[in-house]
Amino acid sequence: MERKRSRISRRPLAVLLPALALGGPLPAQEAGPTPSRAVTATAEVTLVEVPVHVTGPDGFPVRGLTKEDFELLDDGRKAEIESMDVVDLEAFARPLAVPGEMPLPPAARRHFFLLFDLTFSSPIRLSRARAAARDFVLDGMKSGDLGAVATFDVERGLKLVLSFTSDRDQLAAAVETLGLPGLLTAATDPLALTVYPPSFLQGTRGTTIDQRGGRIGDSEIADALSTQSKLQDKVFDTYQQGRIRQMARSFGDLARTLASVRGRKHVLLFSEGFDSKLLSGVTGPESGRAEGDLIVSGELWKVEPEDRYGRNEVKLHLEEMFQLFRRADASIQAVDVAGLSAAGAGVEATFSGDTGPSERLGSRGRGQDTLFLMAESTGGELYRNSNEVEEHLERLQQQTALVYLLTFAPKELKEPGRYHSLKVKVRRPGLKASARSGYYEPRPWSKLTGLERRLAAAQQIAYGLPRTEIPMSAIAAPVRRLDGDGALVPVILEVPGRGLLRDGPPGSATVEVYAYAVDQQLKVKDFVSQTLTLDLGKVGPALRESGLKLYADLFLPPGSYWLRLLVRNAETGRTGLAIVPAAVPLPERRDLYVLPPLFHEPPGRWVMVKAPPRPGGPPAGEYPFATRGSSFVPAADPVLAAGEEAPLSLMVWNAPADAELAVAAEIRDVRGQRAGTASLEVTSREPARGRDPVKLLCTLRPRDVAAGSYSLLVTVRDPRSGAEAQSAGTFEIR
């Protein structure tokens, strides 16, 4: 995978931490420090990252190597290694000793792609294989590993059920149901980072519950798979060779797509394989004896060359597929689902659907040969007993626990999509280096497939690495309690128009917006998405003058979260990703606390868009940003003129109904030092109504404050009880 290196200039961002006001810890954040608001690229260089695993004679990782111990050849020519990072995945799997440590580089991560073959597998065996896959995603995957789930059948091709994610519950749900229709109501997630609504899976730890409230069992999955299998029978019985061509074509497309995913990919293929006779010709002593008798008797015309030596066309299709996997730095770890133990409790061993390609064609056991070929040809292994998958993959994880991440800048990049071979050598004797076999030159956005674009957005959100091609600002805070323990958390997102529309066509712009709330275990708890088509003939001037402002609602249970917000121009591929903290307090909390100050946005500044209500979501109720009947829109990136006073609102929870709250403000610069003076006057007070907090409409008057970026520290005090609460927000003076 290629990435761009830019020389950049940054404007520091004063930190906005709603969790300080709520008193709760922020989740451990893989994404590293809070990003700066503005980034300007002045130069760009394509860099290629090469993750390398080095093992000794015992098969375990070798530590202590330096950049000088490696030699890198690009198309046979020596390439200069610009940098080398050593990434210990085992150390990353343990809790971080220091909050805010740098995130795990995407190219060093392990990516597990769980692929269930619905064509060359019997329904009941494939349904039993889910247990091994489910155990692995829940207990075998390490912190920092990502998983995805997909299915394949000849009629529908490859279906991505779940994109690469670290959410173990969503992975387990995808494995349990395989995305089959009629088992659960799926989430409407365009990036497939969730397969079922997060609220549905809450507290199940991967135990998928069907619509009747019971766990989905092997027999139910087998019935659903059997129904799909019957649709394939005509194709299956008519022309098996065509099915293999379709499989090779679909798997090849998968490999091309995986080439765009940074890091090494391990495709866990759950299958029985197809009859190896199509590759190697006749197999078994009886077949060989029959053909030998025909040859001896002189009846050569009765011996079909393809039956004796295999189908060359099939071999060519498969070899092309294998080459694509090797080029994508993806290996097939083949799991023979025919190696399962006897039927488990509650499943009839004589289930009517317990037939597969081996039983139908009299090729029982020969599918394992083709599974071995697929694994061996792509650098993977064959797991003959799927009951031991986790044990085998534990060994794989040990062997790949240490990554030497080499980075170099190719000298000549002339043809987008062209493949360049790589070879990595270790100068120390007795050591073995395993690395990607090459890389593709970056392709323009217009040449990417729909699946590649979808995976690109999903990866950026899953990795949690800020992108600043499109700068943005955002705020989020709980403003209303809902029935149960949850809260309404509005998200205000501001996107400057010039960055959004840069290099795009003049007539219209299609903008994709995604927001995912991720908790401390990196599980998605809610998400919202929207695609906007903007008529630039009507809104273009206003967009370029200011920008786009989006309002959307999230519904979150108590806890601390990072909101991963992605905006992308669908015509140009330009992308921005921001990470914003949010926290929802426990309902039993009774101490005084205040949300970060909400500066009022002057009317008419932005092109406003409100995300539509989601079907099946809880009611949001009245618009929450209103005081005494007068509504306002919060500013995510407040900007004041020197000497200007500004209206702002404070939302205070757990304040006595008749309390006359006192407020005070202090301005601090980016170093945390006091800057100038500030007065904060309460001009209107609205008592708590229903599930809403007390709302204070205030006027801020900063004095003797120079142009720059600042934080505003607000203190709210109840004079009667002496209780105090503080919160902080950011603003800029120009």
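Two strands pair if DSSP finds at least two bridges between them. Strands (E, at least two residues) and helices (H or I, at least four) are DSSP runs, numbered from the N terminus. This is a predicted model: local features need pLDDT of at least 70, side-chain atom pairs count only at pLDDT 80 or more, and totals for chains, interfaces and linings use all residues. Residues are numbered from 1 along each chain as its sequence is written, and side-chain values use heavy atoms, leaving out hydrogens and water.

Begin with S20 (residues 508-518) and S23 (residues 559-569). They pair in the antiparallel sense over 8 bridges. Tyrosine 514 has leucine 566 in S23 as its bridge partner. Helix H15 (residues 450-463) packs on the sheet and touches S16, S20, S23 and S24 (575-584). Contact here means heavy atoms within 4.5 Å. The direction of H15 makes about 150 degrees with that of S23; axes are lines fitted to C-alpha atoms, for helices over the stretch in contact, with angles from 0 to 180 degrees between N-to-C directions.

S20 also pairs with S21, antiparallel, over 11 bridges.

Elsewhere, leucine 650 is in contact with residues beyond its neighbours within four places in sequence, among them Val594, Leu680 and Val716.
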